[in-house]
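I set out to record what I looked up in this structure, entry by entry. The notes begin with contacts between charged side chains and then turn to the backbone, the strands and the surface.

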Amino acid sequence: MSIKAFAFDLDGTLADSIPDLAHAANAARRDAGLAQLEEALIESYVGDGTESLVARAMAADMAASFTGTAAQTEALARFDQHYLEGLTLKTKLYPSVANTLNELHDCGYRLAIVTNKPERFTLPLLKELGIGNVFDVVVSGDSLATRKPNAEPLQYVMEKLGVSADEFLMVGDSKNDILAARAAGCKVAFVSYGYGAAETIPEADVTLARFDELMNWLEEQD
């Protein structure tokens, strides 16, 4: 069956958001009297949700984890404040993302976001990036009881859009994206320009070096 709908990851797939995530994480560390971390290190913490990112960033140079402590709660609140104040200071869509999404939308494909990023960041970020209007469904990391790599977010989107797994493609840059797609029984595209290390990624149905290669792949499926 042909593809009728898509789910897209956000960070590392549609947008390069590391600079602003790193800025907010380092601002939270600075508030706690801690030294700044390299952006590349913070990038390695992205993909499992904000709580995980902040916990790992705060504990990066410490023996004990902040998780579940008052310090972690305070750090998360600080991160939230700094990140909401600067969602798009340096965050940009990857090349051809806006045009390709609009083309897919205009062609009648149903589009969704499935991200582990909390809704409090996801919705304003999509708006600030100017792409929020093309998505029929947005599933954030705290929208449901589970998140990627669990199949539930993708199953929820398929149900909302009225498509089967054979008609659905997940597009992402991480192991969580591929595992979620496999668990949901749908096809998956891996974008090699994102944050996921290719050598750690399970095999995808297609690998895209550029986002607009998705259109070429679609044409080949007809």
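The model is a predicted one, in which local features need pLDDT of at least 70, side-chain atom pairs count only at pLDDT 80 or more, and totals for chains, interfaces and linings use all residues. Residues are numbered from 1 along each chain as its sequence is written, and side-chain values use heavy atoms, with hydrogens and water left out.

**Entry 1. Salt bridges**

I found that the structure holds 12 salt bridges. I looked up the one between Arg 147 and Glu 51, whose side chains meet at 4.0 Å, N to O. This pair links distant parts of the chain, 96 residues apart: Arg 147 is in the loop between strand 5 and helix 7, and Glu 51 is in helix 3 (residues 50–58). I took helices (H or I, at least four residues) and strands (E, at least two) as DSSP runs, numbered from the N terminus.

Arg 147, at 31%, is partly exposed, and Glu 51, at 34%, is partly exposed.

I next noted the salt bridge of Asp 205 and Arg 182, at 3.1 Å, N to O. It also links distant parts of the chain, 23 residues apart, with Asp 205 in the loop between strand 7 and strand 8 (206–208) and Arg 182 in helix 8 (residues 175–184). Asp 205 is partly exposed at 39%, and Arg 182 is partly exposed at 39%.

I also recorded a salt bridge between Glu 213 and Arg 210, at 3.3 Å, N to O. Arg 210 is partly exposed at 45%. Salt bridges that share partners join Asp 9, Lys 148 and Asp 177 into one network.

**Entry 2. Backbone**

Which peptide bond did I find to be cis? The bond from Lys 148 to Pro 149 is cis, with omega near 15°. Pro 149 lies in the loop between strand 5 (137–139) and helix 7 (152–161).

I then looked at Ser 96, a residue other than glycine with a positive phi, near 70°. Ser 96 sits in the loop between strand 3 (92–93) and helix 5 (97–106), and is partly exposed at 25%.

**Entry 3. Strands and a distant pair**

I checked how strand 6 (residues 168–172) and strand 7 pair, and the sense is parallel, over 4 bridges; two strands pair if DSSP finds at least two bridges between them. Met 170 has Val 188 of strand 7 as its bridge partner. Strand 7 (residues 187–191) is largely enclosed by the rest of the structure, because 4 of its 5 residues are buried.

I also looked up Lys 4, in the segment before strand 1 (5–8). Lys 4 is partly exposed at 42%.

Last, I looked up Asp 106, which is found in helix 5. Asp 106 is exposed, with a relative accessible area of 65%.

Terms used: Buried < 20%, exposed > 50% of the residue type's maximum accessible area, 1.4 Å probe, protein only.
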